[in-house]
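Let's take a walk through a protein model, one piece at a time. Keep the structure open while you read, and look up each piece as we get to it.

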Amino acid sequence: MSQTLHNLHKALREQLLPVTVSPAQAAVEADLILEGVLQVNPAVVYTDGDQELSAHQSHLVQQFLEQRVQKRIPVQYLLHQAYFYGLKFYVNPYVLIPRPETELLVEKALDFLKPGMSVLDVGTGPGTIAIAISHKAGEEARVVASDVSAMALKVARINQKNLKTAVEFKPPGDLFMTVGEERFNLIVSNPPYIDESLKSTLAPEVLWHEPQTALFPPGEDVYYFYRRLAQEAKQYLKPAGRLLVECGAGMSPSICQLFTVAGYHNIQVIRDYAGLDRIVSADA
Ligand SMILES: C[S@@+](CC[C@H](N)C(=O)[O-])C[C@H]1O[C@@H](n2cnc3c(N)ncnc32)[C@H](O)[C@@H]1O
């Protein structure tokens, strides 16, 4: 007997529940599968849920589900797409999947930027922060981005083309290495900040599939990139320029200390919508 769309959606939600964080997340992924694998608008589940699937459609969804549930491959990598700041980005396993909490960094960057200003995104990955800023600010801001990973920058260029923004992606290089002499009004960064010792607590989707260079700082110093940004960003900032960095829960006091010692002022911690310290802002 063939399966209806409504039954498929219910079965998907049930099978996705053990590999997602909540029933709501399982429902979001079930919607994404309908849209991405069957090109069916998820609203149809409610408006025309008795529609029957062909054997081929059922087979396609089953194959997809095996990859997702057994191999724990994130749905974004399987579909090669992730949404960030309302924009659809191409992603593959060479780049971190953008996280919704990082949208706050874009908000704070846009609050600071005035027409004619420039911004540098360090560790741009698939270009998410830089492209979202450029998309919103348009020609009013010059946006430049860098990353150490050549493969990540390839993805960023695909996104740049798809989303028709004007970000200047530098050749691959460590932090500011390929940035040149230019100084910026704003430097933003969401650097790798997961403590290697917490590896065993990470979901298989993250640990097995996301790039290690995007997750973990090198060595044992979880503040490695904040320490370097505190020391090195200043020479790339214009007078009265600002440094905005994303951080993990509990990290902001040490980051504030690093920025204070490096001579920044007006250092502020910004909380995310869950009430967690998420961004540290510091003026040169
Ligand atoms: C946490 S991911 C952030 C990606 C993206 N900006 C976002 O917010 O979703 C960190 C990024 O920093 C890059 N990265 C790691 N080490 C770096 C280094 N030494 N210099 C520049 N970028 C680096 C990684 O390749 C990765 O793209």
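## A hairpin to start with

This is a predicted model, and we'll begin at a hairpin. β8 and β9 form it, with five residues between the strands, and in it G275 takes a positive phi near 85°. The two strands pair in the antiparallel sense, over five bridges. To find the pairing on screen, look for Q268, which stands opposite S281 in β9.

How much of β9 is buried? Five of its seven residues are, so β9 is largely enclosed by the rest of the structure.

β7 and β9 run antiparallel and are joined by five bridges; here R242 has D283 in β9 as its bridge partner. For a parallel example, go to β4 (residues 141-146) and β5, which are joined by two bridges. Over there, V144 stands opposite E168 in β5.

A handy bit of background while you're looking at strands: in a regular strand, side chains alternate between the two faces of the sheet.

Is M251 buried or exposed? The cut-off for buried is 20 or more other C-beta atoms within 10 Å, and M251 has 20 of them, so it counts as buried. If you'd like a sense of scale, M251 and V143 are 108 residues apart along the chain, and their C-alpha atoms are separated by 27 Å.

Next comes α12 itself. Its buried residues are S252, I255, L258 and F259.

What do the buried residues of α12 pack against? Their neighbours are α11 (224-232), β7, β8 (265-271) and β9 (277-283). After the helix comes G263, with a positive phi near 95°.

α7 is another helix worth a look, and it's mostly covered: eight of its ten residues are buried. Among them are T128, I129, A130 and I131. G138 follows α7 and has a positive phi, near 60°.

Now for the ligand. There are 19 residues around it, and the closest are G123, G125, V148, N190 and A214. Which elements give two or more residues to this shell? They are α7 (128-137) and α10 (212-215). Sorted by class, the shell has nine nonpolar, eight polar and two charged residues.

## Stepping back to the domains

Finally, the overall layout. The chain is divided into domain 1 (5-71) and domain 2 (92-283). How far apart are the C-alpha centres of the two domains? They lie 34 Å apart.

How values were computed: Residues numbered from 1 in each chain as written. Predicted model: local features only at pLDDT ≥ 70, side-chain atom pairs only at ≥ 80, totals over all residues. Buried ≥ 20, exposed ≤ 12 C-beta atoms within 10 Å, placed from the backbone. Helix = DSSP H or I, 4+ residues; strand = E, 2+ residues; numbered from the N terminus. Contact = placed C-beta atoms within 7 Å. Domains from an automatic or database assignment. Near = placed C-beta within 6 Å. Nonpolar A, V, L, I, M, F, W, Y, C, P; charged D, E, K, R; others polar. Pairing = 2+ DSSP bridges.
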